[in-house]
Amino acid sequence: MQRLASSRRLLQSALAPGRAHSSLSAAAVAAAPENGVAAPKMPPFDYTPPPYDGPRLAEIARKRAEFLSPSLFHFYDRPLNIVDGKLQYLFDEDGRRYLDAFGGIATVCCGHCHPDVIEAIVNQAKKIQHSTVLYLNHAIADFAEALASKMPGDLKVVFFTNSGTEANELALMIARIYTGSHDIISLRNGYHGNAAATMGATAQCNWKFNIVQTGVHHALNPDPYRGAFGSDGEKYAKDIQETIDYGTTGRVAGFISEAIQGVGGIVELAPGYLPAAYKMVREAGGLCIADEVQAGVARTGSHFWGFEGQGVIPDIVTMAKGIGNGMPIGAVVTTPEIAQVLTCRSYFNTFGGNPVSTAAGHAVLQVLEKEKLQENALVVGSYLKEQLNILKEKHDIIGDVRGRGLLLGVELVTDHQKKTPAKAEIAQVMNHMKDMGVLVGKGGFFGNVFRVTPPLCFTKEDSDFLIEVMDIALSKL
């Protein structure tokens, strides 16, 4: 019955009238006024997708509701059928163009269908798609070497996985084996995955099922906006020591955290927090794990890795998303000494280090260098953040603007003093923005934070268009 109800709701949503209805031309849709207000003109872009002759939205929605997990959800009152993408733009079944300010959840870093990445994928797929790591192949070795060159200190041994969840699972296991301890400390509001150990490390009830989750202690989150100590990172870090003293044997396996919490609402940890936390954890015998699944791979602009913004060097770094630009790949990078612990048993991952995925990853690093996308993330991200702060002065519903580079968050609240989450309002604004051609993400524990994580080829012109659209959408509240 629940599945049938879910199917009906999805079909009703898909068939509901909307501005992207197939009876309208793409040009007419783009020019259509939004409740009497003409949509801003999107920046010019020299690409027209080929005509789409595949299944339409309603048919896809029917199949999704019938054959895919009922736990899947979608943004917007009427879902989008995205059929084409190029760099920072996406196209629906009618050829309408959208500015992608979400990047597939901070995943697309070089841009959709970047020609260099596509060429690497195709060339490798023509040779061999899969063998096994039991045989040698240069693609995995070349990418591991290139990835290691981006790491500080002695972090140079790479284990490949298929996702960020897998990478974090492996990192937690390595820490427990290496130290001989079981206790892990993570941060409240953090998200690290949806498997057994990572769900334990995740500290938001929205993402946790009622399964056995042992050996994880969640410390106070150093949130400058909602936290008790504002931007004083060292005060928050004292809770790490108290957690060790009162919740463990005094020895721990490790500490895992993002430098900027992605799913948690683009929360940048208070300055000075990680150096103090790392010191306490290491004194208790633990390893420090940096979850760079969303903050890493040049996205913050100022640094290649998010943790570098706090001046620390972890013992283990995990990553995924951006390193593949959409290909399924994750990685764990650690020191030779720590990596050695996995030789006490057999560790194996069938698809970890797949030749096609690693060839794509290597191409991603080359594109980032060649097109100076880290520098672009810094310049454009700083400009966009300035414009968002100007918008904050105009619209009282914006409670906070935060983040670095092209990893930005805009929190909406209905009361600045109480910081009451504007959950219904953000959904309205997102729908209006979509109707005007801009796609953004949503996150935070309360679901009231815009997640602005576009491809790193985003431009100032794109930023201006996003700001203008967001301004109009917020004005409708």
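Q: What covers the buried residues of α10?
A: The cover includes β5, α9 (233-247), β7 and β10. Helices (H or I, at least four residues) and strands (E, at least two) are DSSP runs, numbered from the N terminus. Buried means under 20% relative accessible area, exposed over 50%, and partly exposed in between (1.4 Å probe, protein chains only).

Q: What kind of model is this?
A: This is a predicted model, in which local features need pLDDT of at least 70 and side-chain atom pairs count only at pLDDT 80 or more, while totals for chains, interfaces and linings use all residues. Residues are numbered from 1 along each chain as its sequence is written, and side-chain values use heavy atoms, with hydrogens and water left out.

Q: Back to the helix. Which residues in α10 are buried?
A: Tyr273, Leu274, Ala276, Ala277, Tyr278, Met280 and Val281 are buried in α10. After α10 comes Gly285, with a positive phi near 85°.

Q: What is the strand order of the open sheet?
A: The seven strands of this open sheet follow the order β4-β12-β11-β10-β7-β5-β6, and their pairing is mixed. Two strands pair if DSSP finds at least two bridges between them. The edge strands, each of which pairs on one side only, are β4 (157-161) and β6 (216-219). From one strand to the next, the twist averages 20°.

Q: Where does α10 touch the sheet?
A: Helix α10 (residues 273-283) packs on the sheet and touches β5 (184-187), β7 (254-257) and β10 (287-291). Contact means heavy atoms within 4.5 Å. The direction of α10 makes about 160° with that of β7. Axes are lines fitted to C-alpha atoms, for helices over the stretch in contact, and angles run from 0 to 180 degrees between N-to-C directions.

Q: And β7 itself: which residues lie on its faces?
A: Both faces of β7 are covered, with Gly254 and Ile256 on one side and Phe255 and Ser257 on the other, all of them buried.

Q: How many bridges join β7 to β10?
A: Four bridges join β7 to β10, and the two strands run parallel. Ser257 stands opposite Ala290 in β10. β5 and β7 also pair in the parallel sense, over three bridges, and there Ser186 has Ile256 in β7 as its bridge partner.

Q: In which sense do β11 and β12 pair?
A: Strand β11 (residues 316-319) and strand β12 (residues 330-334) are antiparallel over four bridges. Ile316 stands opposite Thr334 in β12.

Q: Changing topic to helix pairs: how do α13 and α15 pack?
A: Helix α13 (residues 373-394) and helix α15 (residues 460-475) pack at an angle of about 20°, with their axes 10 Å apart. They are therefore roughly parallel to each other. Angles under 35 degrees count as roughly parallel, over 145 as roughly antiparallel, 65 to 115 as roughly perpendicular and the rest as oblique.

Q: Which residues of α13 meet α15?
A: Among them are Val379, Tyr383, Leu384 and Leu388 in α13, and the α15 residues they meet include Leu466, Ile467 and Met470. The residues of the contact of α13 with α15 divide into 10 nonpolar, two polar and four charged. Here Ala, Val, Leu, Ile, Met, Phe, Trp, Tyr, Cys and Pro count as nonpolar, Asp, Glu, Lys and Arg as charged, and the others, Gly among them, as polar.

Q: At what angle do the axes of α14 and α15 cross?
A: The axes of helix α14 (residues 423-435) and α15 cross at roughly 130° and come within 9 Å. That makes α14 oblique to α15. Val429, His432 and Met433 in α14 meet Leu466, Val469, Met470, Ala473 and Leu474 in α15. Their contact has seven nonpolar residues, one polar and no charged.
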